[in-house]
Amino acid sequence: MLATAPVLFSADRDSYELAVREIREEFGREVRIERVSADLGRITDNAPPVADLAAACDTGRIVFVRHLTVEIASFPPDDVPPAHELAELILAELPKHPQALAVQTWTDGAGTGGTYYHLLDEALGARGIAVSRAEQDVVVSCFVSQRQVLIGLNRLADSLADWPGGRMRLARSDDRVSRSEFKLEEAIRTFHLGLKPGGKGLDLGASPGGWTRILRQYEQEVWSVDPGALDPRLDSDRRIHHVATTAGEFFRRNDVRFDVVVNDMRMDQVMSARVMLDAVPHLRRGALAVVTLKGGGRNPLDAARRGMDVLAKEYDVLHARQLHHNRREITVVARAR
Ligand SMILES: C[S@@+](CC[C@H](N)C(=O)[O-])C[C@H]1O[C@@H](n2cnc3c(N)ncnc32)[C@H](O)[C@@H]1O
């Protein structure tokens, strides 16, 4: 269906140019791209099929794109057709009348575009379609800015994230011990990482314990390695073992084998990836790894690729992406061989 239509892609505003470079490297220089807003781009000419673009992103060949949809219409804000016409337009793009659709709206600021959600909900509802914000096979996207309103349509399977423009919003619980928690939570949910309850987890660079807390929520027993302290609220949990030392020192003395290793250490991409290689003898075969490769440097894309090349010596890299909660870093998910 939608193969030759323009494709809309979201990226962090500071990484937009990196996303453009990746798309061109993957699909050729004749792909034409224009910037729609700070974190949204449009592939106007020679857009690849969205499924091909999604596959390149899903496997980590493209890292800085976090959401995809296929544009089916655009309007000036003061000339948007009535909602029932928008519903017609959406349904005309689909091969058969759907029972349910997700509708995801966002704006070029921090807003949610909620008015459009309700309009589309009502209009599609009047056509007998159940509308929700997520968890449907097909997603209607609606991006709202001062200059235009864009309507997109895409299979969830090719969208990269089940959130408006890839902006995952997580509830901030009172128990939260660090902002970093959201990064691990987002990675687990986005990539559907199945952590088997009762597993043993290694958290490298754990202080103050946000990722440790998330691993505990997924019922892992956690060894939390960091010279820095853990939040006192974690003290009473007997399935958390704080080892107050560096990763290198820990590896010299450890004899536990882990099912999952996570690494949020503050060091450059290649050094962090090397620590992951040092972790391998301490992992069960097939163990899952989640690592943030940090730091930009002058060329963050090449540095990220160098980090992934190091990881690839001992791991199969499953996913690599700059998620919504990443700052100047990417998250890589890999499996130990
Ligand atoms: C961004 S913080 C981690 C935040 C943590 N993931 C959380 O959610 O609370 C980075 C941590 O890496 C630790 N770190 C840096 N180098 C390390 C090393 N060689 N071994 C262990 N920890 C290290 C620092 O002490 C720092 O606490």
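The protein chain is divided into domain 1 (7-166) and domain 2 (181-336), with bounds that come from an automatic or database domain assignment. This is a predicted model, in which local features need pLDDT of at least 70 and side-chain atom pairs count only at pLDDT 80 or more, whereas totals for chains, interfaces and linings use all residues. Residues are numbered from 1 along each chain as its sequence is written.

Taken over C-alpha atoms, the centres of domain 1 and domain 2 are separated by 31 Å. The contact between them takes 13 residues from domain 1 and 13 residues from domain 2, two residues being in contact if their C-beta atoms, placed from the backbone, lie within 7 Å. On the side of domain 1 that touches domain 2, the elements that give two or more residues are helix H1 (16-27) and helix H2 (50-58), and the largest share, three residues, comes from H1. Here helices (H or I, at least four residues) and strands (E, at least two) are DSSP runs, numbered from the N terminus. The residues of that side divide into five nonpolar, three polar and five charged, where Ala, Val, Leu, Ile, Met, Phe, Trp, Tyr, Cys and Pro count as nonpolar, Asp, Glu, Lys and Arg as charged, and the others, Gly among them, as polar.

Gly-166 has its place in the loop between strand S8 (149-155) and helix H5. Gly-166 is buried, with 27 other C-beta atoms within 10 Å; a residue is called buried if 20 or more other C-beta atoms lie within 10 Å of its own, exposed if 12 or fewer, and partly exposed in between, with C-beta atoms placed from the backbone. Although Gly-166 and His-324 are 158 residues apart in sequence, they are 6.8 Å apart in space, C-alpha to C-alpha.

Helix H5 (residues 181-190) is mostly covered, since nine of its ten residues are buried, and these buried residues pack against helix H6 (210-217), strand S12 (258-263), strand S13 and strand S15 (329-336). After H5 comes His-192, whose phi is positive, near 50°.

Leaving aside neighbours within four places in sequence, Val-261 is in contact with Leu-202, Leu-204, Ala-279, Leu-283, Ala-287 and Ala-289.

Strand S9 (residues 200-204) is joined by five bridges to S10, and the two run parallel; strands pair if DSSP finds at least two bridges between them. Within this pair, Gly-201 stands opposite Val-222 in S10. Because four of the five residues of strand S10 (residues 221-225) are buried, S10 is largely enclosed by the rest of the structure. S10 is also joined by four bridges to S11, again in parallel, with Ser-224 opposite His-242 in S11. Strand S11 (residues 240-243) has a covered face, Ile-240 and His-242, and an uncovered one, His-241 and Val-243.

Around the ligand there are 21 residues, of which Ser-178, Ser-180, Gly-205, Gly-210 and Asp-264 come nearest; a residue is near a molecule if its C-beta atom, placed from the backbone, lies within 6 Å of it. The residues of this shell divide into nine nonpolar, eight polar and four charged.
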